[in-house]
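Let's take a walk through a protein model together, one piece at a time.

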Amino acid sequence: MPARAFDERDVRIRPGKGSRPRTKQRPEHADARTAMVVAVDRGRYTVLVDPGGSDETRVLAMKARELGRQRVVPGDRVDVVGDTSGDDGSLARIVRIGDRRTVLRRTADDTDPVERVIVANADTLVVVTALADPEPRTRMIDRCVAAAYDARMDVVLALTKADLASADELTAMYAPIGVEVVVTRRGDDGAIVGLDALRDRLDGEISVLVGHSGVGKSTLVNALVPDARRAIGRVNDVTGRGRHTSTSAVALEVPGTREPTWVVDTPGVRSFGLAHVDPAHLLHAFADLAAVAEECPRGCTHLEGSPDCALDEWVEAAGDDETRAARAARLSSFRRLLLSRLGTTDADAPDRPR
Ligand SMILES: Nc1nc2c(ncn2[C@@H]2O[C@H](COP(=O)(O)OP(=O)(O)OP(=O)(O)O)[C@@H](O)[C@H]2O)c(=O)[nH]1
Ligand SMILES: [Zn+2]
């Protein structure tokens with residue numbers, strides 16, 4: 001670290017900008033540069049100034065004291081001041097965190113009141129699930145969907161290993177709740193087939209990849225970001241630490257897309273505790289059901305068997321069998337998500353789609 005040459009106090013009363021009247025409000029850091037946070041490692045933040053642009057610069061930064069205990073996470077848009085050259089040994093300072101469009105949170109388990117923001121401003125949660133080896137775990141998928149919808153993110157179900165088992169059952173199970181499905185498999189030549197469709201779907205977005213060990217998440221990340229290892233290695237170069245041992249999320253830039261595209265790998269996240277998820281938020285992810293549920297009795301849980309739940313009447317009122325079946329599928333899927341939130345799913349229930 002260089003000698004303490006520059007910090008936010010210097011910036012506030014910068015020569016040449018002295019005409020700005022000092023107000024009671026914290027003075028703006030008028031010369032701050034906007035950056036995107038891509039990695040966090042023990043109090044050091046790797047940020048990209050001009051992310052995805054021609055002047056993209058990788059800069060190491062620390063948090064200004066004035067931010068207090070506010071967490072800064074990958075995906076955050078921040079303002080940085082100080083040495084934003086990105087040169088070896090340079091250290092910039094994060095002075096502002098931009099408003100977050102989305103916030104993906106997790107709690108360690110359903111009773112844990114401590115929630116952590118994992119990623120900010122992500123558009124899509126990609127739930128990576130193998131069709132076999134290991135067997136798909138639909139409760140895990142449901143929990144991810146609930147967490148994503150609570151965060152106001154879209155969900156893509158990336159079904160891997162279609163060379164080993166069919167994707168039909170799971171596709172049918174998740175289509176009714178707005179989950180897009182992308183299927184990949186290993187081709188005869190060993191390459192992953194279906195990657196282009198996934199890359200197209202993620203183009204221009206920040207996506208977060210989650211999945212259990214062995215489902216092929218690393219395979220996908222490495223295929224989407226061929227120099228992923230090097231990209232993470234570059235973080236080390238900047239922090240000067242020998243190995244990247246952090247288990248926190250890292251945003252990686254996907255090459256070969258039309259718009260700047262990012263995938264956030266979450267090595268430490270194996271599941272989502274959902275204590276923070278408000279069932280009412282979940283309902284908002286289902287616009288049609290939310291409209292119907294306005295007719296529900298006060299305090300309706302919308303769960304199966306809840307008296308006079310308008311959602312049941314909505315299914316019954318369908319004009320034809322096809323519509324009724326579609327509504328019934330959507331309602332039962334929504335109720336499944338509600339149960340995953342309430343933690344009342346039977347732990348011994350078969351974990352396979354029926
Ligand atoms: N048959 C088949 N195997 C695959 C496919 N994708 C990945 N695999 C294999 O599945 C195994 C696990 O893949 P990884 O990419 O390491 O899985 P991961 O989800 O990153 O797991 P961790 O590294 O433990 O977090 C590896 O042996 C891969 O070669 C696929 O589409 N088909
Ligand atoms: Zn209801």
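Start with two strands lying side by side: β13 (residues 206-210) and β15 run parallel and are joined by four bridges. To find this pairing in the view, look for Ile206, which stands opposite Trp262 in β15. Please keep in mind that this is a predicted model.

Strand β15 has another partner as well. Strand β14 (residues 250-253) pairs with β15 over four bridges, this time in the antiparallel sense.

Now look at the side chains of β15 itself. In a regular strand, side chains alternate between the two faces of the sheet. Which residues of β15 point one way, and which the other? Trp262 and Val264 point one way, while Val263 and Asp265 point the other way. All of these residues are buried.

Let's step back to see the whole chain. The protein chain contains ten helices and 15 strands. Of its 354 residues, 39% are buried. Among contacts between residues at least 6 apart in sequence, 64% join residues at least 24 apart. The chain is divided into domain 1 (8-97), domain 2 (103-265) and domain 3 (279-342). Between domain 2 and domain 3 there is a meeting place, where nine residues of domain 2 are in contact with twelve residues of domain 3. On the domain 2 side, the residues that touch domain 3 comprise five nonpolar, no polar and four charged ones.

Next, find helix α2 (residues 138-150), which has 13 residues. From its first C-alpha to its last, α2 reaches 18 Å, close to the 18 Å expected at 1.5 Å a residue. Is this helix largely enclosed or largely open? Twelve of the 13 residues of α2 are buried, so the helix is largely enclosed by the rest of the structure. Among the buried ones are Met140, Ile141, Val145 and Tyr149, and also the charged residues Asp142, Arg143 and Asp150.

The backbone on either side of α2 deserves a look too. Most residues other than glycine have a negative phi, and most peptide bonds are trans. Pro134 has its place in the loop between β8 (124-130) and α2. Just after α2, Arg152 takes a positive phi of about 65°.

Asn121, in the loop between β7 (115-120) and β8, has a positive phi near 65°. Lys161, in the loop between β9 (154-160) and α3 (168-174), also has a positive phi near 65°.

Now turn to ligand 1. There are 16 residues around this ligand, and Arg186, Ser213, Gly216, Ser218 and Thr219 come nearest. Which elements each supply at least two residues of this shell? They are β11 (185-186) and α5 (217-224). Helix α5 gives the most, with three residues. By class, the shell divides into three nonpolar, eight polar and five charged residues.

Arg186, one of the nearest residues to the ligand, lies in strand β11. Arg186 is partly exposed, because 17 other C-beta atoms lie within 10 Å, and a residue needs 20 or more to count as buried. Leaving out residues up to four places away in sequence, Arg186 touches Asp163 and Ile192. Arg186 and Val126 are 60 residues apart along the chain, and their C-alpha atoms are separated by 19 Å.

For a last stop, go to Leu60 in strand β3 (residues 57-63). Leu60 is buried, because 25 other C-beta atoms lie within 10 Å. From here you can look across to Ser218, one of the residues nearest to ligand 1. Leu60 and Ser218 are 158 residues apart along the chain, with their C-alpha atoms separated by 26 Å.

Conventions. Residues are numbered from 1 along each chain as its sequence is written. Chains are lettered from A and ligands numbered from 1 in the order in which they are written. This is a predicted model: local features need pLDDT of at least 70, side-chain atom pairs count only at pLDDT 80 or more; totals for chains, interfaces and linings use all residues. A residue is near a molecule or strand if its C-beta atom, placed from the backbone, lies within 6 Å of it. Two strands pair if DSSP finds at least two bridges between them. The expected span of a helix is 1.5 Å times one less than its number of residues. Domain bounds come from an automatic or database domain assignment. Two residues are in contact if their C-beta atoms, placed from the backbone, lie within 7 Å.
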